[in-house]
Amino acid sequence: EVVSGFNEPRDDGEERDEAGSSAGEDLTTYVFRQIAPDINPEDRKMAAYLLTHLNEDGLLTTSLAEVANYFHVTLKRVEAIQRIIQRADPLGVGSISPNEAMLVQLDILQETGSVPELARRVLVEGMDLLSRRQYVELARRLRAPVGQVRDAAHFVSENLNPFPGRSYWG
């Protein structure tokens, strides 16, 4: 089944760029091609709808509750589709906020490698201080050594992208 303007993945010999997308392919199409095989055919329209509501940063511009309402399905079903989208390349695409995008990326990195133990707490409890690089105050808030907070902050800035759509598309 082809969903309004989306093509199934195919090997047509078209040249691909570093991101693996066809020249001129937009973020919506690029992500849809990746996730289509993992989504039930009856949920593909919902996935396409979510993907057409991404801004240039790769973040959703609609709430999951609105999508559930629009399609007359449970919020849980929409959240399951969002999780599949978020695990596509670029990681975190389809998140509601920059912070959620980074938490998704952090979860995936924790599955595959080592992540500083404070990284999640820095994002969840101290994003306001992290963004202003107030590490001493952040360490106080988290009741943690400043060195560990700096390590976590460095890890976040080097490995996580709050705006996943910018990775390849501007």
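Arg143 counts as exposed because its relative accessibility is 78%, where exposed means over 50% relative accessible area, buried means under 20%, and partly exposed lies in between (1.4 Å probe, protein chains only). Arg143 is found in the loop between H7 and H8, and Arg143 has a positive phi of about 50° although it is not a glycine. The structure is a predicted model, in which local features need pLDDT of at least 70, side-chain atom pairs count only at pLDDT 80 or more, and totals for chains, interfaces and linings use all residues. Residues are numbered from 1 along each chain as its sequence is written, and side-chain values use heavy atoms, with hydrogens and water left out.

**Overall architecture**

- The protein has eight helices and zero strands; helices (H or I, at least four residues) and strands (E, at least two) are DSSP runs, numbered from the N terminus.
- Along the sequence, the pattern reads α-α-α-α-α-α-α-α.
- Of the 170 residues in the protein, 42% are buried.
- Among contacts in the protein with a separation of 6 or more, 54% come from residues 24 or more positions apart; contact means heavy atoms within 4.5 Å.
- The protein exposes about 9500 Å², and carbon and sulfur atoms supply 47% of this area; accessible areas come from the Shrake-Rupley method with a 1.4 Å probe, and for residues only the protein chains shown count as cover.

**Backbone features**

- Most residues other than glycine have a negative phi, and most peptide bonds are trans.
- Arg133 has a positive phi of about 55° although it is not a glycine.
- Arg133 is placed in the loop between H6 and H7, and Arg133 counts as exposed because its relative accessibility is 64%.
- The peptide bond from Asp89 to Pro90 is cis, with omega near 0°, and Pro90 belongs to the loop between H4 and H5.

**Helix packing**

- Two packed helices are described by the angle between their axes and the distance between the axes.
- Axes are lines fitted to C-alpha atoms, for helices over the stretch in contact, and angles run from 0 to 180 degrees between N-to-C directions.
- Helix H3 (residues 64-71) packs with helix H4 (residues 75-86) at an angle of about 115°, and their axes are 9 Å apart.
- From H3, the residues Leu64, Ala65, Val67 and Ala68 make this contact, and from H4 the residues Leu75, Val78, Glu79 and Gln82.
- The contact of H3 with H4 includes six nonpolar residues, one polar and one charged; Ala, Val, Leu, Ile, Met, Phe, Trp, Tyr, Cys and Pro count as nonpolar, Asp, Glu, Lys and Arg as charged, and the others, Gly among them, as polar.
- The axes of H6 and helix H7 (residues 135-142) cross at roughly 140° and come within 9 Å.
- This second contact involves Arg121, Val122, Glu125, Gly126, Asp128, Leu129 and Leu130 of H6, together with Tyr135, Glu137, Leu138, Arg141 and Leu142 of H7.
- By class, the contact of H6 with H7 has six nonpolar, one polar and five charged residues.

**The covered helix H2**

- Helix H2 (residues 44-51) is mostly covered, with six of its eight residues buried.
- The buried residues in H2 are Arg44, Met46, Ala47, Ala48, Leu50 and Leu51.
- Helix H1 (27-35), H3 and H4 are the helices against which the buried residues of H2 pack.

**Two buried loop residues**

- Asp57 is found in the loop between H2 and H3, and Asp57 counts as buried because its relative accessibility is 11%.
- The side chains of Asp57 and Arg166 are joined by a polar contact of 2.6 Å; a polar contact is a pair of N or O atoms within 3.5 Å, where, within protein, one must be able to donate a hydrogen and the other to accept it, and residues adjacent in sequence count only if both atoms are side-chain atoms.
- Leaving aside neighbours within four places in sequence, Asp57 is in contact with Phe163, Pro164, Gly165 and Arg166.
- Val115 lies in the loop between helix H5 (98-112) and helix H6 (119-131), and Val115 counts as buried because its relative accessibility is 17%.
- Not counting residues up to four places away in sequence, Val115 touches Leu106, Leu109, Gln110 and Phe155.

- Ser157 is found in helix H8 (residues 146-159), and Ser157 counts as exposed because its relative accessibility is 53%.
- A polar atom of the Ser157 side chain lies 3.1 Å from the backbone oxygen of His154.
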